[in-house]
Amino acid sequence: MSLELLNNPFFVTIQDRGRFSYSHLGVSNSGVMDEYAYFIVNKLLKNSLDTNVLEIGCSNVILKVNKNTTIAITGAQCEFFINDELKPIWQNYTLKKGDIVKIGKILSGNWIYLAVKDGFNLTKELGSFSTTIKENIGGLDGNRLKIGDVLPFKKSKKLNKTFLKKELIPKYEDELILRVVLSCQYKDFSKKQLEKFFLNSYMVTNDFNRMAYKLQGDPIRCSIDGIVSEGISFGSIQIPKDGKPIILLKERQTIGGYPKLGF
């Protein structure tokens with residue numbers, strides 16, 4: 001009973017809520033990038049809210065179902081096919097042995113979540129299934145999935161058709177307005193620099209991954225070059241020497257020495 005990867009996708013990993021209580025050892029929290037989509041995909045299957053899932057960050061992913069099961073898919077708007085038939089996402093589907101599932105183009109958003117009933121039968125590392133590539137732990141061999149990988153799952157009962165109401169499906173828009181809470185180092189930024197940050201627009205550059213997003217826009221200057229390295233929380237906004245803000249994400253390092261403007 002398994003799900004088999006038929007091609008070599010650019011970026012697919014196993015994730016769950018994350019790996020906690022190990023930051024003092026330098027181990028990243030990791031975990032899903034889009035928590036809302038992750039929780040909903042498990043709700044659609046009546047899974048516990050810490051069940052592991054596939055986190056898909058690329059187009060063109062092809063999977064074969066080797067045993068009857070129920071899956072659900074949420075997240076970024078994408079082309080989703082079952083046996084070459086286009087299907088809507090944000091709902092569950094009963095699949096039979098031999099069915100082929102394909103993720104085509106991603107139309108808006110970045111992260112897609114595909115789950116099976118009761119999750120994949122894998123082994124936790126340090127309390128989590130989450131893959132952290134830079135530390136080579138979690139998931140399947142601590143790395144992204146590749147052609148031929150097989151994800152076993154347990155036999156499960158058939159579920160009723162379930163979907164998320166249209167008004168509850170998030171819109172993955174190109175422009176976002178984010179709230180920011182100032183950090184303990186905000187006094188090291190002049191009023192002029194703070195106003196520049198809050199009054200300007202920034203674009204996510206191509207230099208991004210699960211660790212951080214680097215932003216492009218008017219550089220922000222700080223009165224200090226660095227700080228004594230300290231713990232970093234999810235969403236921290238670091239200001240490096242080049243002035244281009246960095247937003248720390250799920251696979252962030254556990255400590256850092258750049259001053260933080262906010263969270």
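Helices (H or I, at least four residues) and strands (E, at least two) are DSSP runs, numbered from the N terminus. The structure is a predicted model, in which local features need pLDDT of at least 70 and side-chain atom pairs count only at pLDDT 80 or more, while totals for chains, interfaces and linings use all residues. Residues are numbered from 1 along each chain as its sequence is written, and side-chain values use heavy atoms, with hydrogens and water left out.

**Pockets**

- A pocket is an open set of points on a 1 Å grid over the protein atoms alone, where a 1.4 Å probe fits, with protein on both sides within 12 Å along at least five of seven lines; lining residues have an atom within 4 Å of a point.
- The largest pocket holds about 1800 Å³ of space, a volume being the space filled by probe spheres set on the points, which are joined across faces, edges and corners.
- The largest pocket is lined by 37 residues, of which Leu176, Leu178, Val204, Tyr213 and Ile247 are the closest to its centre.
- Two or more lining residues of the largest pocket come from each of strand 8 (100-116), helix 2 (191-199), strand 10 (203-208) and strand 11 (212-216).
- The lining of the largest pocket comprises 22 nonpolar, seven polar and eight charged residues, where Ala, Val, Leu, Ile, Met, Phe, Trp, Tyr, Cys and Pro count as nonpolar, Asp, Glu, Lys and Arg as charged, and the others, Gly among them, as polar.
- The second largest pocket has a volume of about 340 Å³.
- Among the 14 residues lining the second largest pocket, Phe11, Trp111, Phe208, Asn209 and Arg210 are the closest to its centre.
- Strand 8 contributes the most to the lining of the second largest pocket, with three residues; by class, this lining has seven nonpolar, three polar and four charged residues.

**Helix 1**

- In helix 1 (residues 35-43), Ala37, Tyr38, Ile40, Val41 and Asn42 are buried, that is, under 20% relative accessible area, with exposed being over 50% and partly exposed in between (1.4 Å probe, protein chains only).
- These buried residues pack against strand 2 (12-15), strand 3 (53-56), strand 5 (69-82) and strand 8.

**Cysteines**

- The whole structure contains zero disulfides, a disulfide being a pair of cysteine sulfur atoms within 2.5 Å.
- Cys58 has as its nearest cysteine sulfur that of Cys78, 11 Å away, and Cys58 is buried at 6% relative accessibility.
- For Cys184, the nearest cysteine sulfur is that of Cys222, 11 Å away; Cys184 is exposed, at 64% relative accessibility.

**Loop residues**

- Thr132 lies in the loop between strand 8 and strand 9 (150-152) and is buried, at 0% relative accessibility.
- Beyond its neighbours within four places in sequence, Thr132 is in contact (heavy atoms within 4.5 Å) with Arg19, Ser28, Ser30, Ile137, Gly142 and Glu251.
- Phe234, in the loop between strand 12 (230-231) and strand 13 (237-238), is partly exposed, with a relative accessible area of 42%.
- Leaving aside neighbours within four places in sequence, Phe234 is in contact with Leu248, Leu249, Lys250 and Arg252.
- Pro88 sits in the loop between strand 6 (85-87) and strand 7 (91-95) and is partly exposed, at 47% relative accessibility.
- With neighbours within four places in sequence set aside, Pro88 is in contact with Phe80 and Tyr93.
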